[in-house]
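Hello,

Here is the structure I promised to pass on. Please open it alongside this email; my notes follow below.

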Amino acid sequence: MRNVIALTLTPLATLVAGPALAAGGGKFLALDNTDFVVLLAFLLFIGILLAVKVPGLLNKQLDDRAEGIRKELDEARALREEAQTILASYERKQREVQEQADRIVASAREDATAAAEQAKADLETSIARRLATATEQIASAEASAVKEVRDQAIEIAIAAADEVISKQLSAAEANKLIDAAIADVDAKLH
């Protein structure tokens, strides 16, 4: 309200100290003086504005506008805070997902390492089994070869002994040797 009065008095003071007073050539308060008529019209206009309560209406509109702006600012702050909350929530979820992905990758690496170690151990076991089987086969083949050599040596020795004995022994001596061998075998078996 004080602003309206100050705005009203400033032009009034300007008109009062206007050129009509400075000229000093006539009556200022006469209706034929245009400055006086303009002053009266201006004062009447200000009076009508005050009577209709235009300054109050202007103040009310300005206050309503300020309140609207304040509400919009509060709403914008609330929206900003909500957006920050949502952003923080998404960032937290992103961190959680990233941590879960890191755990999955670490678990996969551990599983892969364990599988590689298990495969290595299985391969070593398989190689050891095959080496043992090969060693057994070699030993068996060796024993078989030694047995064959002995069997052939025995057959050769028997054949040679048979030849030597048949040339040197008579039939009676051969029968005695056969009977002695039979008795010896019979004594060893029973």
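Asn33 caps the N-terminal end of helix 3. One of its side-chain oxygens lies 3.1 Å from the backbone nitrogen of Asp35. Bear in mind that this is a predicted model.

Helix 3 itself covers residues 34–51, which is 18 residues. From first C-alpha to last, helix 3 reaches 25 Å. That is close to the 26 Å expected at 1.5 Å a residue. Which residues of helix 3 are buried? They are Phe36, Leu39 and Ile46. Seen down the axis of helix 3, the buried residues fall within an arc of 90 degrees, so they line one face of the helix. Thr34, Leu44 and Ala51 are exposed on the other side of helix 3. Just after helix 3 comes Lys53, with a positive phi of about 65 degrees.

Leu31, Val37 and Leu40 make it, and its area is about 270 Å². Leu40 has its place in helix 3. Is Leu40 buried, partly exposed or exposed? Its relative accessible area is 38%, so Leu40 counts as partly exposed.

Now the salt bridges. How many does a search of the whole structure find? The search finds three.

- Asp64 with Lys60: the closest N and O atoms are 3.1 Å apart. Both residues lie in helix 4, which spans residues 54–168. They are four residues apart, about one turn of the helix. Asp64 has 44% relative accessibility, so it counts as partly exposed.
- Glu67 with Arg70: here the closest N and O atoms are 2.5 Å apart. This pair also lies in helix 4, three residues apart, again about one turn. Glu67 is partly exposed, at a relative accessible area of 34%. Arg70 is partly exposed too, at 44%.
- Arg77 with Asp74: the closest N and O atoms are 2.7 Å apart. Why are Arg77 and Asp74 separated by about one helical turn? Because they are three residues apart in helix 4. Arg77 is at 47% relative accessibility and so counts as partly exposed. Asp74 is at 39%, so it is partly exposed as well.

Last, the overall picture. The protein has five helices and zero strands. From the N terminus on, its elements run α-α-α-α-α. What share of the 190 residues is buried? Buried residues make up 6%. The accessible surface of the protein comes to about 16200 Å². Carbon and sulfur atoms account for 62% of that surface.

Find Asn33 and the backbone nitrogen of Asp35. Look next at the patch made by Leu31, Val37 and Leu40. Finish in helix 4 with the Asp64 and Lys60 pair, then Glu67 and Arg70, then Arg77 and Asp74.

Best wishes

Technical notes
Residues are numbered from 1 along each chain as its sequence is written. This is a predicted model: local features need pLDDT of at least 70, side-chain atom pairs count only at pLDDT 80 or more; totals for chains, interfaces and linings use all residues. Side-chain values use heavy atoms; hydrogens and water are left out. A salt bridge is a side-chain nitrogen of Lys or Arg within 4 Å of a carboxyl oxygen of Asp or Glu. Helices (H or I, at least four residues) and strands (E, at least two) are DSSP runs, numbered from the N terminus. Buried means under 20% relative accessible area, exposed over 50%, partly exposed in between (1.4 Å probe, protein chains only). Accessible areas come from the Shrake-Rupley method with a 1.4 Å probe; for residues, only the protein chains shown count as cover. The expected span of a helix is 1.5 Å times one less than its number of residues. The arc is that of the directions from the helix axis to the C-beta atoms. A polar contact is a pair of N or O atoms within 3.5 Å; within protein, one must be able to donate a hydrogen and the other to accept it, and residues adjacent in sequence count only if both atoms are side-chain atoms. Patches are made of residues with over 30% relative accessible area and no salt bridge: like charges are joined within 9 Å, nonpolar side chains (Val, Leu, Ile, Met, Phe, Trp, Tyr) within 5 Å.
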